[in-house]
Amino acid sequence: DAKTTQPTSMDCAEGRAANLPCNHSTISGNEYVYWYRQIHSQGPQYIIHGLKNNETNEMASLIITEDRKSSTLILPHATLRDTAVYYCVHNAGNNRKLIWGLGTSLAVNP
Amino acid sequence: KAGVTQTPRYLIKTRGQQVTLSCSPISGHRSVSWYQQTPGQGLQFLFEYFSETQRNKGNFPGRFSGRQFSNSRSEMNVSTLELGDSALYLCASSRDVETQYFGPGTRLLVL
């Protein structure tokens, strides 16, 4: 099964950039990397996704390495409301099934 | 556009009972996926339905089943409940399976 590896937890000061890494060494050439986050007791929220190129939207930026084996989600100016568990996922080959790890628990501190 | 809704939000059952959870996807979304989330295991994929057909299935016992209706609404059923079935059950809808939009979940407690 597709597997991603993320740090269990990270801290970030409010107003600073939060850089969340993810290793996805089993990813195939046509599989996108997706990032979601889950704020306590809510359903996960889609953030951003990418294939090869770096991507940016109103929430975050996604940097994907050239070999596509890892990526970094960047929250440019973290706020207290960004405290959540962040998941990096990709689908498991041709069966279109997303495999979720335990994610990174990000704490944004005042 | 209204988001994904799930009912009920909270449920308490006893061992041996059965339960049915409901999910209404975002209008226009034909794919509905179900997940079980527990503190130690994270999100675990149960199954995915697309146009009333089960398209993918996770590694859960046959006690867990689901269906999808012609209006894309979906239900999942768990029969003969066990204590270990206590979890947050999440439904996600999508146009394509990867960009998923999640509902708030149904928190099930089995006593």
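This is a predicted model: local features need pLDDT of at least 70, side-chain atom pairs count only at pLDDT 80 or more; totals for chains, interfaces and linings use all residues.

User: How many disulfides does the structure hold over all chains?
Analyst: A pair counts when its sulfur atoms are within 2.5 Å. A:Cys22 and A:Cys88 pass, at 2.1 Å S to S. B:Cys23 and B:Cys91 pass too, with sulfur atoms 1.7 Å apart. Over all chains, the number of disulfides is 2.

User: How many residues apart in sequence are the parts tied together by A:Cys22 and A:Cys88?
Analyst: A disulfide joins A:Cys22 to A:Cys88. A:Cys22 lies in strand S2 of chain A and A:Cys88 in strand S8, so the pair ties together parts 66 residues apart.

User: Is A:Cys88 buried or exposed?
Analyst: Buried means under 20% relative accessible area. A:Cys88 has 0% relative accessibility. That makes A:Cys88 buried.

User: Which strand of chain B holds B:Cys91?
Analyst: B:Cys91 forms a disulfide with B:Cys23. The partner, B:Cys23, lies in strand S3, residues 19–24. B:Cys91 itself lies in residues 87–94, which is strand S9.

User: Is the disulfide of B:Cys23 and B:Cys91 left-handed or right-handed?
Analyst: Look at the torsion about the S-S bond of B:Cys23 and B:Cys91. The torsion is about -45°, so the disulfide is left-handed.

Conventions: Residues are numbered from 1 along each chain as its sequence is written. Chains are lettered from A and ligands numbered from 1 in the order in which they are written. Side-chain values use heavy atoms; hydrogens and water are left out. Helices (H or I, at least four residues) and strands (E, at least two) are DSSP runs, numbered from the N terminus. Buried means under 20% relative accessible area, exposed over 50%, partly exposed in between (1.4 Å probe, protein chains only).
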